[in-house]
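Work through the exercises below with the sequence and the model side by side, and try each task before reading its solution.

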Amino acid sequence: VTVSGTVNTSTVGTYTLTYTATDASGNVGVATKKENVVDTTAPVASNEPADVTYECDETIAFDEPSFTDNCDTSVLVGFEENQTALQCGYVLSRTWTASDDCGNETIVSQIITVLDTTAPELSEIPTDDTVECDAVPAPADVTASDNCDETVEVDFNESVVPDLSGCGYVITRTWTASDVCGNTTSASQMLTVVDTTAPTYVDAPADETLECDQAEPTDAPIFSDNCDE
């Protein structure tokens, strides 16, 4: 028995094998057989990028998958990207579709979420201090910066609480910065206001020499104080 014809298992198609049998008397018998080589296996993906979340000021790494196929040496890969806006950020949906010559497909998707979860940073915050009652400084000009929002609003609030000793008070100044995504940062300064300065003479009556029948003078010295009127 002899066989003619070959089957190429790496190429899709129908192949015919011919079997020829010859006996000792020279009688010949012929039979054929068809072999169908098919491809029903989809391409295989590797290095698939995982879903990831970034801050809005971070550089996005755009990784891509690779594909191989059991039969097709040149897999066709299509790519599509869509962006969806969020209230504060956005989502990138990335899709790769790999197809072989026989129409078998493999789809790989990645979701990239870009958000702003970082609060602004305040600068020029004054330190806590103790000051005389006539030397209370004006509120500091506090500024703020943000990793994503170029214009950050800074709100100022001040509260005054009397000192329990009855001589002075405490000022609490608070600055709050908010970005457009609602992330906030607050910082405070506490000023303890005291009065440790004694009154001073403004005008004192001059020394006098009186006769014994003269009335005692009623002039009194005049004092002023930095805090007490």
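Asn47 is exposed, since its relative accessible area is 61%, where exposed means over 50%, buried under 20% and partly exposed in between, with a 1.4 Å probe and protein chains only. The model is a predicted one, in which local features need pLDDT of at least 70 and side-chain atom pairs count only at pLDDT 80 or more, while totals for chains, interfaces and linings use all residues. Residues are numbered from 1 along each chain as its sequence is written, and side-chain values use heavy atoms, with hydrogens and water left out.

**Exercise 1. Find the aromatic pairs, and state for each ring whether it is buried or partly exposed.**

Step 1: Rings of Phe, Tyr and Trp (its six-membered ring) pair if their centres lie within 6.5 Å, and planes under 30 degrees apart count as stacked, over 60 as edge-to-face and the rest as tilted. A search of the whole structure finds two such pairs.

Step 2: The ring centres of Phe79 and Trp96 are 5.2 Å apart and the planes meet at 40°, so this pair is tilted. Because Phe79 lies in strand β7 (residues 76-86) and Trp96 in strand β8 (residues 89-99), the pair ties together parts that are 17 residues apart in sequence. Phe79 is partly exposed at 42% relative accessible area, whereas Trp96 is buried at 2%.

Step 3: Phe156 and Trp175 form a tilted pair, with 5.3 Å centre to centre and 45° between the planes. Phe156 in strand β13 (residues 153-162) and Trp175 in strand β14 (residues 169-178) are 19 residues apart, and the pair links distant parts of the chain. Phe156 counts as partly exposed at 38% relative accessibility, while Trp175 is buried at 3%.

**Exercise 2. Locate the salt bridges and the strands that they connect.**

Step 1: A salt bridge is a side-chain nitrogen of Lys or Arg within 4 Å of a carboxyl oxygen of Asp or Glu, and by this rule the count comes to three.

Step 2: Arg94 forms a salt bridge with Glu81, their closest N and O atoms being 3.0 Å apart. Arg94 lies in strand β8 and Glu81 in strand β7, so the pair ties together parts 13 residues apart in sequence. Arg94 is buried at 4% relative accessibility, and Glu81 is partly exposed at 38%.

Step 3: In the salt bridge of Glu158 with Arg173, the closest N and O atoms are 2.6 Å apart. Since Glu158 lies in strand β13 and Arg173 in strand β14, this pair ties together parts that are 15 residues apart in sequence. Glu158 counts as partly exposed at 37% relative accessibility, whereas Arg173 is buried at 4%.

Step 4: The side chains of Glu35 and Lys33 also meet in a salt bridge, at 3.0 Å from N to O.

Technical notes:
Helices (H or I, at least four residues) and strands (E, at least two) are DSSP runs, numbered from the N terminus.
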